[in-house]
Amino acid sequence: QVQLVESGGGLVQAGGSLSLSCAASGRTFSPYQMGWFRQPPGKERVFVAAITWTAGRTMYTDSVKGRFTISRDNAKNTVYLQMNSLKPEDTAVYYCARRDLGGAYDGWGQGTQVTVSS
């Protein structure tokens with residue numbers, strides 16, 4: 001069973017940067033796609049970015065386009081989220097998840113807290 005572990009969160013001032021990592025453990029790891037999601041305080045979890053594992057095609061929610069970059073290292077079974085020009089509204093717990101083609105996201109990690117101060 002694959003386990004996903006997020007890391008890299010923290011406290012940063014508005015305009016700053018953070019880099020999140022999501023490492024997958026398990027004997028085999030070959031999802032169709034990996035995604036980053038976030039859950040702001042008191043709100044539901046929402047999509048942030050995704051990348052296909054083989055081709056590396058990326059997609060982003062509009063609010064992070066041009067500021068966040070998702071990438072992956074297939075050899076390390078790790079997906080990253082580089083976050084630049086952070087805003088207070090980016091404050092949330094960030095989660096990663098995996099999905100197979102045609103399937104729903106699963107394997108949610110425990111999340112990592114990102115706090116952006118104004």
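Over how many bridges do strand 3 and strand 8 pair, and in which sense? Strand 3 (residues 18-25) and strand 8 (residues 78-83) are joined antiparallel over 6 bridges.

1. Basis of this note. The model is predicted: local features need pLDDT of at least 70, side-chain atom pairs count only at pLDDT 80 or more, and totals for chains, interfaces and linings use all residues. Residues are numbered from 1 along each chain as its sequence is written, and side-chain values use heavy atoms, with hydrogens and water left out.

2. Strands here are DSSP runs (E, at least two residues), numbered from the N terminus, and two strands pair if DSSP finds at least two bridges between them. An open sheet of 4 strands is ordered 1-3-8-7, and its pairing is antiparallel. Strand 1 (3-7) and strand 7 (68-73) form the edges; each has a single partner strand, so one side of each lacks a neighbour in the sheet. From one strand to the next the twist averages 15 degrees, where axes are lines fitted to C-alpha atoms and angles run from 0 to 180 degrees between N-to-C directions. Within the pairing of strand 3 and strand 8, Ala23 has Thr78 of strand 8 as its bridge partner.

3. Another open sheet, of 6 strands, has the order 2-10-9-4-5-6 with mixed pairing. Its edges are strand 2 (10-13) and strand 6, each with a single partner strand, so one side of each has no neighbour in the sheet. Neighbouring strands of this sheet are turned by 20 degrees against each other on average, direction ignored. Strand 9 and strand 10 pair in the antiparallel sense over 3 bridges, and Ala92 has Val114 in strand 10 as its bridge partner.

4. Strand 5 and its two hairpins. Strand 5 pairs antiparallel with strand 4 over 6 bridges, and Gln33 stands opposite Thr52 of strand 5. The hairpin of strand 4 and strand 5 has 6 residues between the strands, and Gly42 in its turn has a positive phi of about 75 degrees. On to strand 6 (residues 58-60), strand 5 is joined by 3 bridges, again in an antiparallel arrangement; Ile51 has Thr58 in strand 6 as its bridge partner. That hairpin has 5 residues between the strands, with Gly56 taking a positive phi near 75 degrees. Because 5 of the 7 residues of strand 5 are buried, the strand is largely enclosed by the rest of the structure; buried means under 20% relative accessible area, exposed over 50%, and partly exposed in between (1.4 Å probe, protein chains only).

5. The nonpolar core. A nonpolar core is a set of buried Ala, Val, Leu, Ile, Met, Phe, Trp, Tyr and Cys residues joined through side-chain atoms within 4.5 Å. The largest one has 25 residues, and those with the most contacts inside it include Met34, Trp36, Val48 and Phe68. Strands that each supply at least two residues include strand 4 (33-39), strand 5 (46-52) and strand 9 (92-99). Strand 3 gives the largest share, 4 residues. Val48 touches residues including Trp36, Met59, Phe68, Leu81 and Tyr94, not counting residues up to four places away in sequence; contact means heavy atoms within 4.5 Å.

6. Arg98. This residue lies in strand 9. At 12% relative accessibility, Arg98 counts as buried. The side chains of Arg98 and Asp100 are joined by a polar contact of 2.4 Å (a pair of N or O atoms within 3.5 Å; within protein, one must be able to donate a hydrogen and the other to accept it, and residues adjacent in sequence count only if both atoms are side-chain atoms). Arg98 also touches residues including Leu4, Phe29, Met34 and Tyr105, not counting residues up to four places away in sequence.
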